[in-house]
Amino acid sequence: MTRLTAEVPFEMAGMRLDQALAELFSDYSRSKLQTWVKSGRVQVNGLTLKPKDKLDGGETIMLDAEAETVVMFEAEKISLDIIFEDESLLIVNKPAGLVVHPAVGNWSGTLLNALLNHDPNLEMLPRAGIVHRLDKDTSGLLMIAKTLQAHNSLTQQLQNRAITREYLAITRGRMTAGGTVNEPIGRHSADRKRYVVKESGKSAVTHYRVGLRFSHHTLVQIKLETGRTHQIRVHMAHIRYPLLGDQIYGGRFQIPPGCSERLEKELRSFKRQALHAAKLGLQHPITDEYCEWEQPMPEDMANLLDALTENEQS
């Protein structure tokens, strides 16, 4: 049994307890949460309520969650680039091309399968401890919880926008200055695999600043305030600086004028979005100490950056 806690946001005022639990502890099924409420495992400001009781907002919920096998996928011997590990937390550097979680078309060979091989106890945690994701073709730092307590802490930090997530990206187009994109994101109405800026979407905020300018490209440093699916890719395309190599949002492939032979070769061979999760910072779920990790961009992006730099100097 592990005690998990959450504070009810004031925007949930008027919401039923079972509805709030489904949002605050979304890794557990509604039926499981209702069972725990009825068995007295859920307390609101120290009181036991009924599933239909309304909340005012600001309450502290304590949930005694029972560890059980919740991941049914197979463990697979896939190497992991482990940056940090202790009894509650695991930080890995995900290579481009590795899917994070099994889904249609990728039921095996994922980061989750690798994690179950690394630590079989992770089958007791929702999604084997994975609390956020990177797209298949995005490289960089990912955090994984190793206990229910750590999972709860990291999930709450994400909801409270307290996790530091900074990225390096190479965009098409020469940016004049940095800025912020504050535009909601939702699924495309016709293509369910794509996301777009739309009024009915979820709040999404992306901060960006110029790192290096080239004639037709820009190295950009990006900081996420929210973490929507494809957020950086959608926002950068929305302001007309799509990520170089993005097969979904990048538009038609073009060779820019004045391009050297080496740069042309690098551009033609770069088949993924040029995006790398370079920095990750969080409050340690046990010690509460602020921890931060950085990881340099992988070889393919570094080679592309070298070719862009060399092209400017020729």
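E85 is partly exposed at 35% relative accessible area, a class that lies between buried (under 20%) and exposed (over 50%), using a 1.4 Å probe and protein chains only. This is a predicted model, where local features need pLDDT of at least 70 and side-chain atom pairs pLDDT 80 or more, while totals for chains, interfaces and linings use all residues. Residues are numbered from 1 along each chain as its sequence is written, and side-chain values use heavy atoms, without hydrogens and water.

E85 forms a salt bridge (a side-chain nitrogen of Lys or Arg within 4 Å of a carboxyl oxygen of Asp or Glu) with K146, their closest N and O atoms lying 2.8 Å apart. The pair links distant parts of the chain, with E85 in strand β4 and K146 in the loop between β6 and α4, 61 residues apart. K146 counts as buried, at 18% relative accessibility.

## A buried pair and a network

Next, meet D246 and R233, whose closest N and O atoms are 2.8 Å apart in a salt bridge. D246 is buried at 5% relative accessibility, and R233 is buried at 6%. Salt bridges with shared partners join D135, R233 and D246 into one network. In the whole structure, the search finds 11 salt bridges.

## Another salt bridge

D18 pairs with R16 in a salt bridge, with 2.6 Å between the closest N and O atoms. Here D18 is buried at 9% relative accessibility, whereas R16 is partly exposed at 25%.

Note on methods:
Helix = DSSP H or I, 4+ residues; strand = E, 2+ residues; numbered from the N terminus.
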